[in-house]
Number of protein chains: 2
Amino acid sequence: MDPELFLLKAFLPLYACSYDVTVISPRNYFTFTPLLPSVCAGTLSPLSCIEPVRSLTYRNGRKVADFYEAHCTDVDFKNRIVACDSRQGGHFKVKYDYLVIAVGSESNTFGIKDVAANAFFLKEVEHAMAIRKKVMNNFELAALPQTSEKERDRLLHFVVVGGGPTGVESAAEFADFIKEDMSKYFPQLIPHVSISLIEGGSRLLGTYPPDISAFAEKTLTEELHVKLLLRSTVVGVDATSVRYVSNEPGASKEPKELLHGFVLWASGVGEVPLVKKIIAENFPNVEGKPRLRGLPVDAQLRLLNQPNVYALGDCAAIAPPRLADAAQELFSKAGAAEPTPQWLGRHAPTLAQQFPQLSPLKFNFAKLQSNEHLPADQFKSFLAEIDAAYRPPAPTAQNARQEGIYLAKVFNECPHPEEKADAPAFQETWNGSLAYVGSGQAVAHLPYFNIKGGFLSLPFWKAVYTQMQITWRSRTICLFDWLKTFFAGRDVGRDHEYYNH
Amino acid sequence: MDPELFLLKAFLPLYACSYDVTVISPRNYFTFTPLLPSVCAGTLSPLSCIEPVRSLTYRNGRKVADFYEAHCTDVDFKNRIVACDSRQGGHFKVKYDYLVIAVGSESNTFGIKDVAANAFFLKEVEHAMAIRKKVMNNFELAALPQTSEKERDRLLHFVVVGGGPTGVESAAEFADFIKEDMSKYFPQLIPHVSISLIEGGSRLLGTYPPDISAFAEKTLTEELHVKLLLRSTVVGVDATSVRYVSNEPGASKEPKELLHGFVLWASGVGEVPLVKKIIAENFPNVEGKPRLRGLPVDAQLRLLNQPNVYALGDCAAIAPPRLADAAQELFSKAGAAEPTPQWLGRHAPTLAQQFPQLSPLKFNFAKLQSNEHLPADQFKSFLAEIDAAYRPPAPTAQNARQEGIYLAKVFNECPHPEEKADAPAFQETWNGSLAYVGSGQAVAHLPYFNIKGGFLSLPFWKAVYTQMQITWRSRTICLFDWLKTFFAGRDVGRDHEYYNH
């Protein structure tokens, strides 16, 4: 989900007195990405998962922010100017005092040959529309009299690469769509349909507890006949086939081939061109250090070396100040209590406002129970261990949303630049993860309990996603779409190209 | 509205015992064209005005017709073969015993230069989507900082050509859209917006009574500030301007120019390429006779010289047998009663089953009240006068629908070819016409009464159109869409092109 939106929504209350906000985006709406798999299958209309930017930039007829529909192509940090290309041609520049870069990410193909040309991604509404069209096209093509049986099998083999929530939900939605709708309209083709899900790890939904993974695998394979290829890595995708190798220890490294009618690439997060450009120009690779995964920001989300530029969401990676660098200071601070892990644990909530490495999600406090006094050098190496354990917030919608809200709060509460610099560090919290696994069953990994299917699991999933949407406008639309699908079935007409006269 | 659908729906009850039906169409859905103007403005989603073909070709899981998504490119009447191009490449042929051509029409540009390249049409769902996108694009472009004031005026000047129901409803929907939704999101641009409606005749809705036209003109101009250019003929359309001349007697023939951001061409009905081809190959122009407007069919909708081929809807023009040619026979038939206009009037209901010229919509019966005995040659020229007065059914959805139902009835009730040839002639009836004129007001010209606005007129318009839809599926979707728009406003996000990585 685009973090800009939350940013914008949170900015609004104070806009009039403090800031002059301009939003620049190549699309005039924000995308609620968690619902895109439902759009692919026609369960929801595209309208359900977009929120027009302008429904927020005007409140009661009064402008609270400017919006320009354009690509940002370059940033001149020195002169504080953003260069933009209008989507319909034409360039313009916008001056800024503060810049927030929240451009998200795009799919990462890990340099695998021809993925971009032959696979579909699922990051934007247009991707979902293109997928729907491709699926409908394949069914229509398979239904034609001159299509061979073998070609039918190929056209109706849908491959999903990636066993995370996006991959699982997409496979589940396709399977539901075929089982509930297409089987009515194309009964003669159903024996030709198959769905495969390829995942490199040993289980689906790898970030969820194993019993949830097992439930998802069982539902997909037993109820929906999705074929799971676990411990398998894709090494190539062309127009009609996918090649993969098994990761199984001792398995042959000879690639196996699957003929496909459609491949969804739901694996990995990569940088958009603007981010690649900023990194290349401002943060050259250092020999021996790993390549940067996103724009490096400090614990206040400020781009390194650019105190008036912020970045958040999938395009940013937090690189907080190192505890080890502050070892001397902390050592003195411990004073009489003397530097022990327990002392650090006791002060972690306060220290985490400067060093997010110490927030509960980032470091296991059980390790901090020792009361053994450490000499200065051991104390420093202990701090270095904590530094090394730090992982920036994962590129999820949940974290992007929290970063957006955090930054808006900083801007609203700290109008002066120096106040902003002293703001407490961003620390994410974890509110749980949901996934729809098909056949009316959803799973949830939540802070206090887990859900593995059941007749209330899908209503719960729907309620949470409806609640997570930005405005009552989109909640209403989403609700009506679900009702419409319940009464009238999914959309099986297909948009086709403009008729050429 | 596609007449095939009614044909298909009416065919179904008897299909199993008599016919093996195959439907071929380049789109896998039928379009309910009367609602397309609402789709242009985002009041309804495209889903509201389509009906998937396959929701009719399968009933209770049992196939009742085959469907192929393809263009028919040629008909070999001699060998009874239809040649098809799949939309996605690949050709195939289908043999037939009976062929029904119901390919509709496309917009007629009357040979005016560059209309096809620069104007938008409104015959298909994709046209409506393209229009919505164009309107949104123009607003976004006008909102950019580098756009000049003059360019804003141009971008936001929407021109509709044609004052029939499509033109009027489109102008009304655009005006509502701008007044009710865009004014909230782009208040700073509203002073730049203008809508012009160009019509060749002296009033809008020329086929309706003058008081209805006057009401439509008043609503559009006074409530919605649409500029009407009546008695004006467009002579050229380019990318940024429309040229037109006044038809006013004595007016200058010098073309005037309007700068525009978007032109909708809602004027005239022309032939699709297949129909042009069939006419050119089978019905060459005869010197001195007017060029054919569609496929010439007899009173039973059979293509002339091709008794096993039928055509109906916008692509067909009924050319019934001439009364004058049967003058001798009718003269004898009159016998003792002797041939008088009154005799003809008395027998018109029966004779119209062979000569649809005599149906009440086609000839004014008041003229048949004379009881003067006519000698043979005068009787013949009187019949020739009736022949000359005949006009084939207008290319409207209403007539296409009636032709579809008629033909399905003929096929169902007359399984043998000779019975089909003896079927009573097709005679259309007139059930009235409706149009939405904006600002919540609809007009209706009905057999027993007229409606000119009022707070119940829009619900009436909606009720009639919902009722006219083909299945409960589309009625439900349409209803939910109206509710959604009522609660959440129209869609102001725009689909944009696939993001190029």
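Mentor: Start with H11(A) and H12(A): H11(A) passes H12(A) in a right-handed crossing. A crossing is right-handed if the near helix is turned clockwise from the far one by less than a right angle, and left-handed if anticlockwise. Keep in mind that this is a predicted model: local features need pLDDT of at least 70, side-chain atom pairs count only at pLDDT 80 or more, and totals for chains, interfaces and linings use all residues. Residues are numbered from 1 along each chain as its sequence is written, chains are lettered from A and ligands numbered from 1 in the order in which they are written, and side-chain values use heavy atoms, without hydrogens and water.

Trainee: At what angle do the axes of H11(A) and H12(A) cross?
Mentor: Roughly 45°, and the axes come within 11 Å. H11(A) and H12(A) are therefore oblique to each other. Oblique is what remains after roughly parallel (under 35 degrees), roughly antiparallel (over 145) and roughly perpendicular (65 to 115).

Trainee: Which residues meet there, in H11(A) and H12(A)?
Mentor: From H11(A), Pro341(A), Trp343(A) and Leu344(A). From H12(A), Phe379(A), Phe382(A), Leu383(A) and Ile386(A). Contact means heavy atoms within 4.5 Å. By class, that contact has seven nonpolar, no polar and no charged residues.

Trainee: And which residues of H11(A) are buried?
Mentor: In H11(A), residues 341–351, the buried ones are Pro341(A), Trp343(A), Leu344(A), Gly345(A), Ala348(A) and Leu351(A). Buried means under 20% relative accessible area, exposed means over 50%, and partly exposed is in between, with a 1.4 Å probe and protein chains only. The buried residues of H11(A) pack against helix H10 (327–334) and helix H12 (376–389) of chain A.

Trainee: Next pair. How do H5(A) and H7(A) cross?
Mentor: Their axes come within 13 Å and cross at roughly 45°. H5(A) covers residues 125–142, and H7(A) covers 165–185. H5(A) and H7(A) are therefore oblique to each other. The crossing is right-handed.

Trainee: What does H5(A) bring to H7(A)?
Mentor: Ile131(A), Val135(A), Met136(A) and Phe139(A). They meet Phe174(A), Phe177(A), Ile178(A) and Met182(A) in H7(A). The contact has eight nonpolar, no polar and no charged residues.

Trainee: Switching to strands. In what order do the four strands of the open sheet in chain A run?
Mentor: E1-E6-E7-E8, and the pairing is mixed. Two strands pair if DSSP finds at least two bridges between them. The edge strands are E1 (22–25) and E8 (91–95) of chain A, each pairing on one side only. E6(A) and E7(A) run antiparallel, joined by six bridges. Val75(A) stands opposite Val82(A) in E7(A).

Trainee: What about the three-strand sheet in chain A?
Mentor: The order is E14-E15-E16, open, with antiparallel pairing. E14 (232–237) and E16 (256–259) of chain A have a single partner strand each, so one side of each is left without a neighbour in the sheet.

Trainee: Now chain B. Which way do the residues of E17(B) point?
Mentor: Phe262(B) and Leu264(B) point one way, Val263(B) and Trp265(B) the other way, and all are buried. Four bridges join E11(B) to E17(B), and these strands run parallel. Val161(B) stands opposite Trp265(B).

Trainee: Last one: is Ala336(B) buried or exposed?
Mentor: Exposed, with a relative accessible area of 78%. Ala336(B) lies in the loop between H10 and H11 of chain B.

Terms used. Axes are lines fitted to C-alpha atoms, for helices over the stretch in contact, and angles run from 0 to 180 degrees between N-to-C directions. Helices (H or I, at least four residues) and strands (E, at least two) are DSSP runs, numbered from the N terminus. Ala, Val, Leu, Ile, Met, Phe, Trp, Tyr, Cys and Pro count as nonpolar, Asp, Glu, Lys and Arg as charged, and the others, Gly among them, as polar.
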